[in-house]
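Colleague: I would like to go through this structure and ask how each label was reached. Please show it first, then set the values against the definitions.

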There are 2 protein chains.
Amino acid sequence: MNRNVLKFGGTSVSSLEKIKNIADYLKGRVEQGEQLVIVVSAMGKTTDDLMAQVSSITNSPNEQDLALLLTTGEQQTISYLSIILNDIGIKSKPLTGYQAGIETVGHHLKSKISKVNTKLVEQLFDTYSILIVAGFQGFNTDNEVTTLGRGGSDTTAVALAAAQECPCEIYTDVAGVYSTDPRIYPQAKRLDKVSYEEMMEMSALGSGVLVARSVEIANNYNIPIYLGKTLSDEKGTWVMSKTEMLEKKAVTGVALDKDMIHVTLNYPQHDMRLMEEAFINLEQEEINVDMISQIANNEGLQISFTMKDTEEQQIQKIFFRLKKDYPELYFKIENHFVKVSVIGSGMRDMTGVASKVFRTLIEADIPFYQVTTSEISISYVVDAHNGEKAAHQLCERFEL
Amino acid sequence: MNRNVLKFGGTSVSSLEKIKNIADYLKGRVEQGEQLVIVVSAMGKTTDDLMAQVSSITNSPNEQDLALLLTTGEQQTISYLSIILNDIGIKSKPLTGYQAGIETVGHHLKSKISKVNTKLVEQLFDTYSILIVAGFQGFNTDNEVTTLGRGGSDTTAVALAAAQECPCEIYTDVAGVYSTDPRIYPQAKRLDKVSYEEMMEMSALGSGVLVARSVEIANNYNIPIYLGKTLSDEKGTWVMSKTEMLEKKAVTGVALDKDMIHVTLNYPQHDMRLMEEAFINLEQEEINVDMISQIANNEGLQISFTMKDTEEQQIQKIFFRLKKDYPELYFKIENHFVKVSVIGSGMRDMTGVASKVFRTLIEADIPFYQVTTSEISISYVVDAHNGEKAAHQLCERFEL
């Protein structure tokens, strides 16, 4: 039996009308002999609406309660889709994260999938042609309902595909992966294929099509991912193993990660306990810091790092708390930065990419504050108002 | 530890503002040393809104899918209430029907509670002061989500109280039980106490305050139920064992069950197979028939029964199906009937109640079509337009 996991995002299921169209499409695929696992997000703005209700109550909702609330969004989508499919004669069954065996670990709102128990799914395919799984949710060892955090539905889909060793198709309102964001650089090209590594860098660096951990899972289990446009004939992008790709370019994409903040910590002594405590705190709150640089000299210790601005309040709380034990601690949070990154798995074999990027920014008169490199990417932190300009210049320079 | 189960209905939790007020009230009770299990319904019209969405898709939704959809309503209420309680410093935890151990049997949308597994609840009271359980829902042996049907949240509350052997308080927008509906008979008196038996008759006969199976569970486990008005000082009604009640009246209440239909079956032969098949069909669809009368004579078989009009469409489907195998079957469904009932546990010891009712209806010129009696009640089916008049006359006659 030809089995596939298909995932449809929030805008693809924003109305019952759209869900009906997807149901018709799925019917066609079942009639061609496929067994389908469908992963769906909450309808349109459902999650935002629930969050707005919560905001009217408190700024710091209990995370466990909030996770349970948010999962109702996806639960409604799977129910509607299954009602429609059963109504048009396709045997389908909706499954919550718990029912689909999505086991998670970690904070309630930012859980990670630790295991996928496919026993029930396998049994159900004796009876049903389509199983519809609520994305973005799972359960932990205490049998509590959890959510997976940003990009969680994609992760659900890829994890289910990995557990079943089948391909995963992810549908959104954008057709595939572009060398850079077409809204910034209209001449950007859609890529037919991209390697897991490149995709991971693009994700980590904010290109936003797919979160990094989804790509990581696909890479680990060698599951091909297709990124396509919902119900469209437009060609999408396959994300796959590098060995299966013939052509390699030095640079395949430019990514722009918006809404970054820059945090600087100063402490007059070489007291590493403070820094240790600071990073343990960040880890416990599951805050991801991005680029870190550290200077230790006669004047003491200075550490600066960048991160997404969504966690600014949490960061502030942590450092105000630390200041009680370390009164001499000084910290500064600056807003309005973006990170622009150049990505390409061919980069490691070809020299001169770093200097080309450097020159491009200098020539365009764009100051940068922090630079980090990985094997297949180079990232620069620049002022927010220079972000698009930098991406534009780099796309031209690398002919993307 | 003083433990209580409290249930709040849909109108009591129709807005976050109302839920906040309930949370404040619960905080006060916890601070007086109580452990509380709270059962809540979906907020206001949530369930109706979900049903309206489904109606726009199909008239015959898959029941399993629909049950999963509807349970999101209660899941949202428990999450909101818990967010509010935790925010005001009361340790609380929301539990879905599954998490609260509500095991069910039967059709997905009309399941019955078969068992309450309180193991988790007992453990959680080591950590939490309030556990909030989603009413109206449970799960079956296939780990599928189910709903309990009409009055389901009350049943959840009473079943949880029974499993924990503690009292159950049910709050709505009406203060307690009246001798008859005050909208029909303004002089109606609120009863301080009513026995399980009387309450069961009132429920079965449509007084609507509490569904019969909730009272049945309370009776079996001897759990006192308090029926009160949400956040009000107005006195409510205790439903309890008859032995604990001192004063007994012959007649304690008059109930009016609206929206009844009258179904008549005629078949020219004495073929009991037909009747057997008809009632097996009704049972399979979990349709409750109410008063049944049967006549067998030379002209064949005639059976008539009354039932709620909500299941009229299902009934029609069943009989049209039967007509294929029994072409001579004739059936008629008549609308616009009500059932008026006189209830009192003292009735069995006192004579003359039946004749008094009979005389009252004759004198008021109210024709009746069917009469049934139980040990503690007498019911008459009358035309809908005579219902209120009959109730009114009977209240006066029995000085209620």
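Modeller: The radius of gyration is taken over C-alpha atoms, and the globule rule is 2.2 Å times the number of residues to the power 0.38. Keep in mind that this is a predicted model.

Colleague: How do you know whether chain A agrees with a compact globule?

Modeller: For 400 residues the rule gives a radius of gyration near 21 Å, and chain A has 23 Å, so the two agree. Along the principal axes, the C-alpha atoms of chain A fill a box of roughly 75 × 50 × 35 Å. Chain A has 11 helices and 20 strands. Of its contacts with a separation of 6 or more, 75% are between residues 24 or more positions apart.

Colleague: What makes a residue buried, and what percentage of chain A is buried?

Modeller: A residue is buried if 20 or more other C-beta atoms lie within 10 Å of its own, exposed if 12 or fewer, and partly exposed in between. In chain A, 47% of the 400 residues count as buried.

Colleague: Why is Met347(B) called buried?

Modeller: Met347(B) has 25 C-beta neighbours inside 10 Å, and the cut-off is 20 or more, so Met347(B) is buried. Met347(B) lies in the loop between strand 16 (330–343) and helix 10 of chain B. Beyond its neighbours within four places in sequence, Met347(B) is in contact with Ala250(B), Val251(B), Val353(B) and Ile376(B).

Colleague: Is Asp365(B) buried or exposed, and how do you know?

Modeller: Asp365(B) has 8 other C-beta atoms within 10 Å. The limit for exposed is 12 or fewer, so Asp365(B) is exposed. Asp365(B) belongs to the loop between helix 10 (353–363) and strand 17 (368–374) of chain B.

Colleague: Why does Asn222(B) count as partly exposed?

Modeller: The count for Asn222(B) is 13 C-beta neighbours inside 10 Å. Exposed needs 12 or fewer and buried needs 20 or more, so Asn222(B) falls in between and is partly exposed. Asn222(B) sits in the loop between helix 7 (212–221) and strand 11 (225–229) of chain B.

Colleague: What makes the phi of Asn222(B) worth a remark?

Modeller: Most residues other than glycine have a negative phi. Asn222(B) is not a glycine, yet its phi is positive, about 55°. Asp365(B) is another residue other than glycine with a positive phi, near 65°. In chain A, helix 10 is followed by Asp365(A), with a positive phi near 60°.

Colleague: How do you know that the span of helix 1 of chain B agrees with its number of residues?

Modeller: The expected span is 1.5 Å times one less than the number of residues. Helix 1 of chain B (residues 16–31) has 16 residues, so it should span 22 Å; its end C-alpha atoms are 22 Å apart, which agrees. After helix 1 of chain B comes Gly33(B), with a positive phi near 95°.

Colleague: Which residues of helix 1 of chain B are buried, and how do you know where they lie around the axis?

Modeller: Ile19(B), Ile22(B), Ala23(B) and Leu26(B) are the buried residues of helix 1 of chain B. They cover an arc of only 110° around the axis, so they are on the same side of the helix. The face turned away from that buried side carries the exposed residues Glu17(B), Gly28(B) and Glu31(B). The cover over the buried residues includes strand 1 (2–8), strand 2 (34–40), helix 3 (63–87) and strand 6 (130–134) of chain B.

Colleague: What about the buried residues of helix 10 of chain A?

Modeller: In helix 10 of chain A (residues 353–363), Val353(A), Val357(A) and Leu361(A) are buried. Their arc around the axis is only 70°, which puts them on the same side of the helix. They pack against strand 18 (330–343), strand 19 (368–374), strand 20 (377–383) and helix 11 (387–397) of chain A. The face turned away from the buried side carries the exposed residues Ser355(A), Arg359(A), Ile362(A) and Glu363(A).

Colleague: How many residues does each chain give to the contact, and which helix of chain A gives the most?

Modeller: Chain A gives 25 residues and chain B gives 25 residues. Helix 3 of chain A gives the most to the side of chain A that touches chain B, with 14 residues. By class, that side has 11 nonpolar, 12 polar and 2 charged residues.

Conventions. Residues are numbered from 1 along each chain as its sequence is written. Chains are lettered from A and ligands numbered from 1 in the order in which they are written. This is a predicted model: local features need pLDDT of at least 70, side-chain atom pairs count only at pLDDT 80 or more; totals for chains, interfaces and linings use all residues. Two residues are in contact if their C-beta atoms, placed from the backbone, lie within 7 Å. Helices (H or I, at least four residues) and strands (E, at least two) are DSSP runs, numbered from the N terminus. Ala, Val, Leu, Ile, Met, Phe, Trp, Tyr, Cys and Pro count as nonpolar, Asp, Glu, Lys and Arg as charged, and the others, Gly among them, as polar. The arc is that of the directions from the helix axis to the C-beta atoms.
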